[in-house]
Amino acid sequence: STRFSHVPEAPRDPILGVTEKFIADKNPLKINLGVGAYRDDDGRPFVLPSVREAERRVTGSHFMEYLPIGGLKDFNIESVKLAFGDHAEVIKHGQVAVVQSLSGTGSCRLMAEFQARFMPNSKIYIPVPTWSNHHNIWKDARVEQASYRYYLPQTRGLDMDGFLEDIKNAPRGSVFMLHACAHNPTGVDPSLDQWKVISKAMLEGGHFPFFDMAYQGFASGDCDADAAAIRIFLADGHRLGCSQSYAKNMGLYGQRVGAFSIVCDNPKEAVAVESQMKAIARPMYSNPPLHGALLVSKILQDKGLKSMWFTEVKGMADRIMLVRALLRQKLEGLGSQWQWNHVTDQIGMFAYTGMTPEMVDRLASEYSIYMTRNGRISMAGVNTKNVDALAVAMHAVTS
Ligand code: PLP
């Protein structure tokens with residue numbers, strides 16, 4: 001045997017596998033609805049004008065020095081303000097520990113490691129279903145996983161009763177991974193009233209909420225509205241964790257820029273917790289990348305650029321809501337026997353259609369339309385030019 005003959009090939013990532021099949025398809029009219037990256041109405045990647053302007057302003061203005069382990073200070077401050085609110089008491093009182101992270105994935109990885117070290121014997125409760133990488137992340141940190149009910153296939157909506165029951169039955173001090181808004185893959189979010197009930201239940205159980213916020217601004221088009229769940233929990237006095245990503249809302253995907261924060265009881269605790277976040281980051285990647293953090297802090301610190309960005313996020317969210325409405329309308333127009341109200345009820349980048357893996361396979365083989373086998377459509381890939389073809393194909397495989 002050779003040195004690495006014992007190494008088996010790792011399973012493919014389910015999302016990236018879709019892209020590979022799409023690339024291999026020779027049909028010029030093929031459509032990729034797999035990956036969650038925003039596209040404009042011509043199906044092209046979109047660089048936000050506010051980001052281009054920030055790039056222009058930072059060009060040549062900085063050295064290429066290392067950032068500190070915890071990242072760019074201004075970036076961290078602006079990030080927690082964006083998540084918790086400009087006037088959040090917990091920020092004013094110095095209760096927040098925060099480090100710049102390698103986007104949402106990196107934040108989750110830091111949280112998982114922090115949990116393994118400082119929340120001993122606690123399990124991570126993950127919704128069914130969830131973004132598939134959550135499982136990998138907590139597994140690598142060797143944190144025991146449990147699941148909570150979230151999505152009800154019959155209604156294609158929230159399983160509120162199941163969710164509350166699972167909160168109640170979880171051992172005290174459990175960590176609950178919550179999608180702050182635009183739940184991936186279902187597009188189903190609790191209403192504000194439901195969040196209030198969930199928050200109270202979580203307090204009663206003595207649990208620790210960890211918000212994964214990968215889509216702030218992308219759900220409703222309004223960054224404050226999309227952080228409403230977190231703010232409800234803060235108002236209830238929760239101590240909580242938060243992952244922020246600028247991949248989608250600023251289109252900075254490949255720059256790997258995000259923030260990881262934990263709200264503590266007091267400044268002393270926050271200093272200690274932050275020092276441990278850095279102790280986790282240092283041997284993992286030493287310090288985070290500079291460029292994306294400079295762009296984000298430029299945008300968030302400048303009133304004009306910030307309001308430009310707000311308009312742009314809203315533009316992206318609005319376009320997605322428009323194609324949701326179009327897709328539903330076309331399907332209904334074709335006389336589909338399925339109910340498609342969930343396409344417009346769900347929010348964010350994804351529509352969780354209820355199509356079976358077999359239907360998804362037919363879409364690929366007969367129509368060159370690609371998506372994950374769980375029937376999740378990345379609505380960001382739908383546009384006024386391909387929505388007709390998509391509706392016709394979906395109607396064909398669902399009737
Ligand atoms: N969390 C959720 C729920 C996501 O959907 C994603 C991206 O698809 C991420 C985290 C991570 O994204 P990134 O690491 O690119 O910020």
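The model is predicted.

- Seven strands form an open sheet; the count is 7 and the order runs β2-β10-β9-β8-β7-β3-β4.
- Pairing in this sheet is mixed.
- Strands β2 (96-101) and β4 (145-149) are the edges, and each of them pairs on one side only.
- On average, neighbouring strands of the sheet are turned by 25 degrees against each other, direction ignored.
- Strand β7 (residues 175-179) runs parallel to strand β8 (residues 208-213), and the two pair over 5 bridges.
- Leu178 has Phe211 of β8 opposite it.

**Helices α8 and α10**
- Two packed helices are described by the angle between their axes and the distance between the axes.
- For helix α8 (residues 192-205) and helix α10 (residues 228-235), the axes come within 9 Å and the crossing angle is roughly 40 degrees.
- Angles under 35 degrees would count as roughly parallel; α8 and α10 are therefore oblique to each other.
- Their crossing, α8 with α10, is right-handed.
- On the α8 side, the contact involves Leu192, Trp195, Lys196 and Ser199.
- These residues meet Ala228, Ala229, Ile232 and Phe233 in α10.
- By class, the contact of α8 with α10 holds 6 nonpolar, 1 polar and 1 charged residues.

**Helices α13 and α16**
- Helix α13 (residues 303-333) packs on helix α16 (residues 387-398) at an angle of about 45 degrees.
- The axes of α13 and α16 are 9 Å apart.
- What is the orientation of α13 and α16 to each other? The two helices are oblique.
- The crossing in which α13 passes α16 is right-handed.
- From α13, the residues in contact are Val323, Leu326, Leu327, Lys330 and Leu331.
- Their partners in α16 are Val387, Asp388, Leu390, Ala391, Met394 and His395.
- The contact of α13 with α16 divides into 8 nonpolar, 1 polar and 2 charged residues.

Technical notes
Residues are numbered from 1 along each chain as its sequence is written. This is a predicted model: local features need pLDDT of at least 70, side-chain atom pairs count only at pLDDT 80 or more; totals for chains, interfaces and linings use all residues. Two strands pair if DSSP finds at least two bridges between them. Helices (H or I, at least four residues) and strands (E, at least two) are DSSP runs, numbered from the N terminus. Axes are lines fitted to C-alpha atoms, for helices over the stretch in contact, and angles run from 0 to 180 degrees between N-to-C directions. Angles under 35 degrees count as roughly parallel, over 145 as roughly antiparallel, 65 to 115 as roughly perpendicular and the rest as oblique. A crossing is left-handed if the near helix is turned anticlockwise from the far one by less than a right angle, and right-handed if clockwise. Two residues are in contact if their C-beta atoms, placed from the backbone, lie within 7 Å. Ala, Val, Leu, Ile, Met, Phe, Trp, Tyr, Cys and Pro count as nonpolar, Asp, Glu, Lys and Arg as charged, and the others, Gly among them, as polar.
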